[in-house]
Amino acid sequence: MTVSLAVNIRERVQQIDTMPAIPAVFLPLLKMLGSSTEEVKVDEVVRLVSYDNTIAAQCLRVASSPLFGLAQLPRSIKAAVISLGLRRVETILLTCCLGQAFPPEKWPLDPEVFWRHSLGCAMVCRKFSEKLISVDGEKAYMAGLLHDLGFMVNCLVFSKEFAAAMELACREEIPLYQAEFATMGFTHCETGQALAEKWKLADDIVEVIAHHHAVELSQNARPLVALVHLSDLLCRMRGLGYGYYERQKVDLISDPAWAVLLKEHRELEGVDLARFTFELDESVAEIHTLVATVFGSAPARS
Amino acid sequence: MTSTPQSALTPLASGKIPEAIDPIYRQIRDLVYKVSGIYKAEEKLYLLSDGCARRMKQLGLRTTREYWDQLTAQPGRDGELRHLLNEITIGETCLFRSQPQLDALRKVILPEIVKEKTKQITKRLRIWSAGCSTGEEPYTLAMNMLEESDRLLQGWTVEILATDLNDRSVETAKAGIYVDYALRSTTDYFKRKYFTMVDEKKLLVRPEVKKLITFSRLNLQDDSKMLFMKGMDLIFCCNVLIYFDGVSKSKVINHFFTNLNFGGYFFLGTSESLMKLNDQFHLVHFPGTIAYWKPSLSSGKL
């Protein structure tokens, strides 16, 4: 990427903050995400969640989803926060905020498809991390949720160019990042990185956003980037991709990202990948329902 | 955005709450997987529970717990497992059973094999439908290959070998007459192009399709015969290995591996897997389906 292109991306990304759609809780939330879990108080999270009625309602709906596996549906914000745990509430809140921050009216990409992929990848990241020893599942979840942040930037500030990329990807049945590169000369990885840095997201999350299509470029968070890379591929192969047929063969075990992860986690050798794939299918229907409820036109808000 | 349906994974209708699942079905699911490699994902557990219900009725059992005992306690547990496997795979014999598999074949695998073999003098593609039952699979493959005959496979010779242990199945397969139920996934386009009408409810496969296929009786456990099945590019073996015990299964899989050309693919049933019975094959993903790949010499992945 040329220097002028990088400057251009950064300048265009600057516009995002001046847009009115960003919910008021968003920036305090980002600050909270940057601090360690011990420093975050339950009441503070409850306050943040309750700040905006629409977001509160969305949060409750997401929290009630079987994805989070609560035995009882939460009746109040506080109950939801306590039973879900702070990290989960943070990621739920983030999902809801992002949904509002990027109004999807003119997206070249179907927003429901985008959210299905993002939440799907988040779910796969968490399930994947459950197979590994001492991996923070909620961190992985958040990384999966945010990895394609750049698509939102592209939808919003590079709408015309991105529409052409989308059209090429569907027509040629190629991965979207390849189509982006062919038509725009850059991808959602760069635009996502620019926004993530501007928002001061955690360094490892920034690396995930920047390098999930080229794991070897990650300097300080390679295992997490590898985990997201593999989960992203799995999602795209199991019905949670970008809504079109991607003409490709995915050999996860031969993927360099697998070797990266295996170096840190020998236990990966024992994973039955076929069974893992079938198990993931169980959550696909849930993701569809969840996204239709939270982001789609479907069911009224509670 | 134009979108193509991506996989066979159908979401639940929005807002529909699934009924609570008897935990014994999950136990049975795990047992079935361990024995056969077939995995029924949560949203397809009804297929398993329906199968169990039919078996319970035949056996005069009233509770799932009693049925679990039947499946796990000697004597007769192997026999009962076999009955159950029959029940849960019964609906899978129809033409065009798995569209994601056919898409992977035509959109990804064939172009790859054709490219790999361009330098060979004889352009020949060999496919083996192992355990072809009453012929639905080989005919489906033959029709799809004919569709490519003036495109990808122009100038190629396609040979399909279809074998089954059961003489009666082989005879029925040779006849090539199918009723509505077997044709429920066959589009009008294929019906018109590749069948002639026998009567209102029966269609006969056209001679040009039959010409591609050689039917014969073969026992997959007959080692001496298996040695003569070499040079295959694709092997399909759907819901056959599930009835074999671990040792025989491993042996047959090894034969398949040896009989495949480098760069060839091995396909199982939709929810079937090799578990971890073979570490030479690479499990590979295509949109909505998995297959096992014998790496090509040029891939450097052997």
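We'll go from chain A to the interface and then through the sheets of chain B.

Before you click, bear in mind that this is a predicted model: local features need pLDDT of at least 70, side-chain atom pairs count only at pLDDT 80 or more, and totals for chains, interfaces and linings use all residues. Residues are numbered from 1 along each chain as its sequence is written, while chains are lettered from A and ligands numbered from 1 in the order in which they are written.

**Stop 1: chain A.** Colour chain A by secondary structure and you'll get 16 helices and 0 strands (DSSP runs numbered from the N terminus: helices are H or I with at least four residues, strands E with at least two). Of its 302 residues, 49% are buried, meaning that 20 or more other C-beta atoms, placed from the backbone, lie within 10 Å of the residue's own.

Now select 111-130 of chain A, which is helix α7. Its 20 residues reach 28 Å from first C-alpha to last, close to the 28 Å expected at 1.5 Å a residue (1.5 Å times one less than the number of residues). Because 15 of the 20 residues of α7(A) are buried, this helix is largely enclosed by the rest of the structure.

**Stop 2: the interface.** Show both chains: 34 residues of chain B are in contact with 36 of chain A (C-beta atoms, placed from the backbone, within 7 Å). On the chain B side, pick α5 (99-116), β9 (282-286) and β10 (289-293), which each supply at least two residues. β9(B) gives the most, with 5.

**Stop 3: the seven-strand sheet.** Stay in chain B, where 7 strands form an open sheet with mixed pairing, in the order β6-β2-β1-β7-β8-β10-β9; strands pair if DSSP finds at least two bridges between them. The edges, each pairing on one side only, are β6 (213-217) and β9 of chain B.

Next, select β8 (260-267) of chain B, which runs antiparallel to β10(B) over 2 bridges. Click B:F266; its bridge partner in β10(B) is B:Y292.

**Stop 4: the three-strand sheet.** Which order do the strands of the open sheet of 3 strands in chain B have? The order is β3-β5-β4, with antiparallel pairing. Finish by selecting B:V179, whose bridge partner in β5(B) is B:K202.

Terms used: Contact = placed C-beta atoms within 7 Å. Buried ≥ 20, exposed ≤ 12 C-beta atoms within 10 Å, placed from the backbone.
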